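The following report looks at a protein model, moving from single residues to the chain as a whole.

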Amino acid sequence: MFAENPGNPRDLSGKSQRIRQSLVRRSARLARPWLDRASSRVSARVPLLEGVLAKVDPTLSLHRVLARVVAVRDETHDVRTFVLRPNARFGAYRPGAHVRVHLVVDGQPVQRTYSLSSAPGTNGLPSITVKRVPGGLVSNHLANEIAPGHVLELSAPEGQFTLPNPVPAKVLMISAGSGITPVMSMLRHLVATRSATEVTFLHFARTPDDIIFKQELAQIAATATNVRVVSCVEQADATWSGPTGRFTRELLEELAPDFRDLDTYLCGPGGFMRAVVQTYEAAEADLSKLRYELFNADFDVSAILGQSHLVRFARSGVESLANRPLTILQQAEAQGLRVETGCRAGTCGTCRCKKKRGVVFNVATQQESGAGEEMIFPCVSVARTTVEVDL
């Protein structure tokens, strides 16, 4: 009789190694959620531990917000949505928030800011929606190079152009082009949470094919009885039955006749937002209820105002318009900023802060300030010019 062939020792060794590697990978997958939560609570920079975490999963980090791209979908011919699975350092966010995306393009570190187009809490996967810009360094890199499986470095969500809590009973959202992304986040949130808020959603695009989220907007309009969606295009085709042309006061009066007193959320190209703000001011709408996203430095509201005033809250990165006699404290609170207050009469000094520039009128003393730096009481100070305060 012949002894049974025990097999090639090398084959057995290779099989054992594959089994060990499989067990290591399985253990790493099971440990990843715990490692992610634990690493998010550490602020120290430990290169050795950082390297170990990266080997377990490239999105684990002691100090960076990292996210794996899990899906990429085309919204239009030049707009793509990137669905992300971030690590625990990403944190929670409010509808309308934005993130900074950090990339290395052609050997150079660059960063760009993009609004989150997703609604928080729906599936745990945030997304950014990016329009390809002709000659744009980052937008073209994202469109051409980034695919599912890639890992991106982000900032934590931030920004003040967000829905307040509680949400007003009625809101107006106005967007153009890729400026739809933060207000789409807001709309998706209201729909997902079955909010009773009445929403009028006005979006402006170049052609019907350039309407981002076109099918989803149509579905929301058909199923959500409290949401009215109106899209307007500059260049219509034979299939288009909606309004055409650019933004005008006449069109706004027709589509949202009560706009003067509505909480309004505005985002789009600088020229578009200038037209809307000027229309609101000329129509004597309540500008304290107008909120707009600031990405581009060329949109300076103070340069286009007539009789209204702008207050910049430097520390919070928020701007507030007013054509009513509102105090700076009232404007801050209207923007959702929390300011410590006491008497609200200019005597206790609890809200006292530094005015960095601009002229204010103290309604308690009936005196006007100078134009330079000085301490003021926001609770009794009304802006007379563009004012910047350290709040």
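## Surface, helix packing and overall make-up

Val56 counts as partly exposed, because its relative accessibility is 31%, a value that falls between the limits of 20% for buried and 50% for exposed. The model described here is predicted. Val56 lies in helix H2, which spans residues 47-56, and together with Leu48, Leu49 and Val52 this residue makes a nonpolar surface patch of about 350 Å².

Ala256, by contrast, is buried, with a relative accessible area of 1%; the residue sits in the loop between helix H6 (249-255) and strand S10 (263-267). Although Ala256 and Thr200 are 56 residues apart along the chain, their C-alpha atoms are separated by 7.4 Å.

A further feature is the packing of two helices. Helix H4 (residues 180-192) packs against helix H5 (residues 214-223) at an angle of about 35°, the axes being 12 Å apart, and the crossing of H4 and H5 is left-handed. To this contact H4 contributes Ile180, Met184, Leu187, Arg188 and Val191, while H5 contributes Glu216, Leu217 and Ile220.

For the protein as a whole, 8 helices and 19 strands are present, and residues 24 or more positions apart account for 64% of the contacts with a separation of 6 or more. The table gathers further overall values.

| Property of the protein | Value |
|---|---|
| Residues counted as buried | 46% of 391 residues |
| Accessible surface | about 20300 Å² |
| Share of accessible surface belonging to carbon and sulfur atoms | 50% |

Note on methods:
Residues numbered from 1 in each chain as written. Predicted model: local features only at pLDDT ≥ 70, side-chain atom pairs only at ≥ 80, totals over all residues. Heavy atoms only, no water. Patch = residues over 30% accessible without salt bridge, like charges linked within 9 Å, V, L, I, M, F, W, Y side chains within 5 Å. Areas by Shrake-Rupley, 256 points an atom, 1.4 Å probe, with all protein chains shown as cover. Salt bridge = Lys/Arg side-chain N within 4 Å of Asp/Glu carboxyl O. Helix = DSSP H or I, 4+ residues; strand = E, 2+ residues; numbered from the N terminus. Buried < 20%, exposed > 50% of the residue type's maximum accessible area, 1.4 Å probe, protein only. Axes fitted to C-alpha atoms, helices over the stretch in contact; angles between N-to-C directions. Left-handed = near helix turned anticlockwise from the far one by under 90°. Contact = heavy atoms within 4.5 Å.
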